[in-house]
Amino acid sequence: MATYNLTGYNTGPFTLSGIPGLEQYHVWISIPFCFIYMVAIAGNSILLYLIAVEHSLHTPMFFFLSMLAITDLILSTTCIPKTLTIFWLGPQKISFPGCLTQLFFLHYSFVLDSAILLAMAFDRYVAICSPLRYTTILTPKTIAKIAVGISLRSFFVFVPCVFLVNRLPFCKTHIISHTYCEHIGVARLACADISINIWYGFCVPIMTVITDVVLIAISYTLILCAVFRLPSRDARQKALGTCGSHICVIIMFYIPAFFSILAHRFGHNVPRTFHIMFANLYVIIPPALNPIVYGVKTKQIRDKVIILLFPKGSQ
């Protein structure tokens, strides 16, 4: 029988049980998680505040950086508050609509983060390779089109997964051995064929992200070629310095992201505990480190943060 009464299966809540095998350490694990989450909230909020109030930061690069900060806040806030509740109070129930909402914003934020990094790479390419045309290429209208375009692309890439999960009958256990709902983890609880979930959930997002990575690599190859043709050593160092923070963020984002995706699809020998712990670190570490990296390596932001936090000493 391939037909199921879907309305009778999808109404019950799921139970998020936490990190399997480490239940007795949940309270201790929550301490660094809570601290890092507070750093992510504070760092990204300060970044957004500075970009909003400082007219000198109203440039395309900092506009895309503000988009990255907002997306990081969505990514971490989608998962970490529920995770901390599990660590402190034990397994927690989540409604089926709540689970769908969480997995959508989790994966949407991931794909959008990747698209924003691509937009930032394009910004650096234009700034370094065509500096005299920078303001004519990246006009406010063009920036708005890029922002809307990457947001819509990310939405349409992942929203089918929500419908693919919503159509599934869940007649087995409703216990999810994780701290948050993610697409394949929820789909594997279904008592039906989930082949389309696995292949769409793996192939479409990863091909989208791989396309972003290839285009970013091309951008930085062209940037490096242009930088090393500059006659002045100081000019080369300044050009490389403007890209340093972006490259650090790219590395922090893509390496753990690809490990998590590939481990989920092919890493059958990866211990479940390690995989879920890594998946939790992935949604909290980059959002916390991104504003720190930009604050340390970007002079405009570093100077504004010093003035904001130490107004008397900066005078």
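**Exercise 1.** Work out whether the crossing of helix 4 and helix 8 is left-handed or right-handed, and describe how the two helices pack.

*Solution.* In this predicted model, the crossing of helix 4 with helix 8 is left-handed. Next, take the axes: those of helix 4 and helix 8 (residues 195-227) come within 9 Å, crossing at roughly 20 degrees. Angles under 35 degrees count as roughly parallel, so helix 4 is roughly parallel to helix 8. Now look at who does the touching: helix 4 brings residues including F110, L117, L118 and Y125, while helix 8 brings, among others, V209, L215, I216 and Y220. Sorted by class, the contact holds 17 nonpolar, three polar and two charged residues.

**Exercise 2.** Find the strand order in the open sheet, then say which strands stand at the edges.

*Solution.* Start with the order: three strands, 2-1-3, with mixed pairing. Strand 2 (92-94) and strand 3 (175-176) are the edge strands; each has a single partner strand, so one side of each has no neighbour in the sheet. Within strand 3, I175 is the bridge partner of T15.

**Exercise 3.** Determine which strands helix 3 lies across, and do likewise for helix 4.

*Solution.* Helix 3 (residues 60-89) lies across strand 1 and strand 2, at about 145 degrees to strand 2. Helix 4 (residues 96-129) lies across strand 1, strand 2 and strand 3, and runs at about 85 degrees to strand 2.

Methods: Residues numbered from 1 in each chain as written. Predicted model: local features only at pLDDT ≥ 70, side-chain atom pairs only at ≥ 80, totals over all residues. Heavy atoms only, no water. Pairing = 2+ DSSP bridges. Helix = DSSP H or I, 4+ residues; strand = E, 2+ residues; numbered from the N terminus. Contact = heavy atoms within 4.5 Å. Axes fitted to C-alpha atoms, helices over the stretch in contact; angles between N-to-C directions. Parallel < 35°, antiparallel > 145°, perpendicular 65-115°, else oblique. Left-handed = near helix turned anticlockwise from the far one by under 90°. Nonpolar A, V, L, I, M, F, W, Y, C, P; charged D, E, K, R; others polar.
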